[in-house]
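Work through the exercises below with the sequence and the model open. Try each task before reading its solution.

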Amino acid sequence: MQHLFRGIELVRSDLSKEGQSGVRGRSSDGNECADQLAKEAITKGYPFLLRKPLSYLKAEIKSAALSIWQDNWDNGETGRSTHDIVLRVSNKPVGWNREEIMFVTGHGPFPSYLLRFHLRTHDNCSCGGKGDPIHYATKCPFTLSWHFQTPTVLLKLQWLKNILTNNFSRTRLRLLMRFICDENNLIVEDNN
């Protein structure tokens, strides 16, 4: 940058000394000096910092942050059940409410979740089945009114995606989760 300013000053001083106006087509030492400086700038590659607008910098930072977040999301060890449904990270919410989030993540009043934190001594439902969200949504006799058709192992992920995209199914899922939360003492057997 200093080299560029030095070149401009040399051209100005040469023009003022010779009385040249710097009109195109005329040969002068100022033009030769400018040509020489331009050639040096191209061959030596002096860095020239061009300021970017703030909006550009914000977009670049957001893009880099989302890229890092996506890498962590893809290579992480936690949240795999949610990762299967929500493959791409985004600043926009997925549009799920509390009950749907509890069901998808398995975080809530489920014995399988509570056992991880030693809040239960086992992960069984009162009916004897494994107390996870799929059990309550498909097999548990205590939640018969809100049952969904049992998915095959291969189609479990598609089954869950279909529930979360169908408004009627989402309503049934919310009612199921509210029942589980409200009547937790009926459906979760505790041997503590």
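**Exercise 1.** Is His-118 buried or exposed?

Solution. The model is a predicted one, in which local features need pLDDT of at least 70, side-chain atom pairs count only at pLDDT 80 or more, and totals for chains, interfaces and linings use all residues. Residues are numbered from 1 along each chain as its sequence is written, and side-chain values use heavy atoms, with hydrogens and water left out.

Step 1: recall the cut-offs, where buried means under 20% relative accessible area, exposed over 50%, and partly exposed in between (1.4 Å probe, protein chains only).
Step 2: the relative accessible area of His-118 is 72%, so His-118 is exposed.
Step 3: find its place, which is the loop between helix H6 (111-116) and helix H7 (133-138). Helices are DSSP runs of H or I with at least four residues, strands are runs of E with at least two, and both are numbered from the N terminus.
Step 4: check the backbone; His-118 is not a glycine, yet has a positive phi of about 60°.

**Exercise 2.** State how many helices and strands the protein chain has.

Solution. Step 1: the count gives 10 helices and zero strands.
Step 2: for burial, 32% of the 192 residues in the protein chain are buried.

**Exercise 3.** Describe how helix H8 and helix H9 cross.

Solution. Step 1: two packed helices are described by the distance between their axes and the angle between them. Axes are lines fitted to C-alpha atoms, for helices over the stretch in contact, and angles run from 0 to 180 degrees between N-to-C directions.
Step 2: the axes of H8 (residues 156-165) and H9 (residues 167-182) come within 5 Å and cross at roughly 95°.
Step 3: H8 and H9 are therefore roughly perpendicular to each other (65 to 115 degrees; under 35 is roughly parallel, over 145 roughly antiparallel, the rest oblique).
Step 4: Ile-163, Leu-164 and Thr-165 of H8 make the contact with Asn-167, Ser-169, Arg-170 and Leu-173 of H9, where contact means heavy atoms within 4.5 Å.

**Exercise 4.** What surrounds Arg-170?

Solution. Step 1: Arg-170 belongs to helix H9.
Step 2: the relative accessibility of Arg-170 is 16%, so Arg-170 counts as buried.
Step 3: leaving out residues up to four places away in sequence, Arg-170 touches Gly-95, Trp-96, Glu-100, Ile-163 and Leu-164.
Step 4: Glu-100 is 70 residues from Arg-170 along the chain, while their C-alpha atoms are separated by 7.6 Å.
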